[in-house]
Amino acid sequence: MLFEIDNLSCGYKGTPIVQNINFSVTDGEVVCLLGPNGVGKTTFFKTAQGFLPAITGKVTIEGKSILELNRRDLAKRIAYVPQIRGTPFHVSCWIWW
């Protein structure tokens, strides 16, 4: 599988946070994105997965734009585990003596 980012700029309300990103990843490659808080790592990942619209550029998987893939086909190709703070649902505990 080829995952390719071409001239991607992303941000919010038309204001770029990350600009002009270009790279590709093929089967067997491992990529790590490191940086301090607030520099756009999460914004980039959300855009690369189609959760946020790109300001410029495109993201393709196996030659197809992620905008052309439906959510089911996209989920077969991209795994995403978001960082969650707190419990995602209410949990109660009962103790009987």
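A disulfide, as I use the word today, is a pair of cysteine sulfur atoms within 2.5 Å. With that rule, a search of the whole structure turns up zero disulfides. Cys10 is buried, at 0% relative accessibility, whereas Cys32 is exposed, at 59%. Here buried means under 20% relative accessible area, exposed means over 50%, and partly exposed is in between, with a 1.4 Å probe and protein chains only.

Some housekeeping, friends, before we go on. This is a predicted model, in which local features need pLDDT of at least 70 and side-chain atom pairs count only at pLDDT 80 or more, while totals for chains, interfaces and linings use all residues. Residues are numbered from 1 along each chain as its sequence is written, and side-chain values use heavy atoms, with hydrogens and water left out.

Now the overall layout. The protein has two helices and four strands, and from the N terminus the order is β-β-α-β-β-α. These elements are DSSP runs numbered from the N terminus: helices are H or I with at least four residues, strands are E with at least two. Of the 97 residues, 24% are buried. The exposed surface comes to about 7700 Å², and carbon and sulfur atoms supply 56% of it; the areas come from the Shrake-Rupley method with a 1.4 Å probe, and for residues only the protein chains shown count as cover. As for contacts, meaning heavy atoms within 4.5 Å, take those with a separation of 6 or more: residues 24 or more positions apart account for 46% of them.

Let's go inside. Which residues touch the most other members of the largest nonpolar core? They are Phe3, Ile5, Phe44, Val59, Ile61 and Leu74, out of 13 residues in that core. The elements giving two or more residues to this core are β1 (3-12), α1 and β3 (56-61), and β1 provides the largest share, with four residues. For the record, a nonpolar core is a set of buried Ala, Val, Leu, Ile, Met, Phe, Trp, Tyr and Cys residues joined through side-chain atoms within 4.5 Å.

Leaving aside neighbours within four places in sequence, Val59 is in contact with Phe3, Glu4, Ile5, Leu8, Thr47, Ala48, Lys64, Ser65 and Ile66.

Thr47 is buried, at 2% relative accessibility. Not counting residues up to four places away, Thr47 touches Leu8, Cys10, Leu52, Pro53, Ala54, Val59 and Ile66.

So which residues of α1 are buried? They are Thr43, Phe44, Thr47 and Ala48. These four cover an arc of only 130° around the axis, which puts them on the same side of α1; the arc is taken from the directions from the helix axis to the C-beta atoms. As a reminder, an α-helix has 3.6 residues a turn, so residues three or four places apart point the same way. The buried residues of α1 pack against β1, β2 and β3. After the helix comes Gly50, with a positive phi near 90°.

On to the aromatics. Rings of Phe, Tyr and Trp (its six-membered ring) pair if their centres lie within 6.5 Å; planes under 30 degrees apart are stacked, over 60 edge-to-face, and the rest tilted. By this rule there are two aromatic pairs. Phe23 and Phe44 make a tilted one, at 6.1 Å centre to centre with 45° between the planes. That pair links distant parts of the chain, with Phe23 in strand β2 (residues 15-25) and Phe44 in helix α1 (residues 41-48), 21 residues apart. Phe23 is partly exposed, with a relative accessible area of 28%, while Phe44 is buried, at 7%. Together with Phe45, Phe23 and Phe44 form one aromatic cluster.

Finally, some backbone and loop details. Asn7, in strand β1, is not a glycine but has a positive phi of about 50°; Asn7 is partly exposed, at 33%. Glu62 also has a positive phi, about 55°, although it is not a glycine. Glu62 lies in the loop between β3 and β4 and is partly exposed, at 46% relative accessibility.

And where is Leu67? Leu67 sits in the loop between β4 (64-65) and α2 (71-77), and is exposed at 76% relative accessibility. Leu67 and Pro53 are 14 residues apart in sequence and 9.3 Å apart in space, C-alpha to C-alpha. Thanks, everyone!
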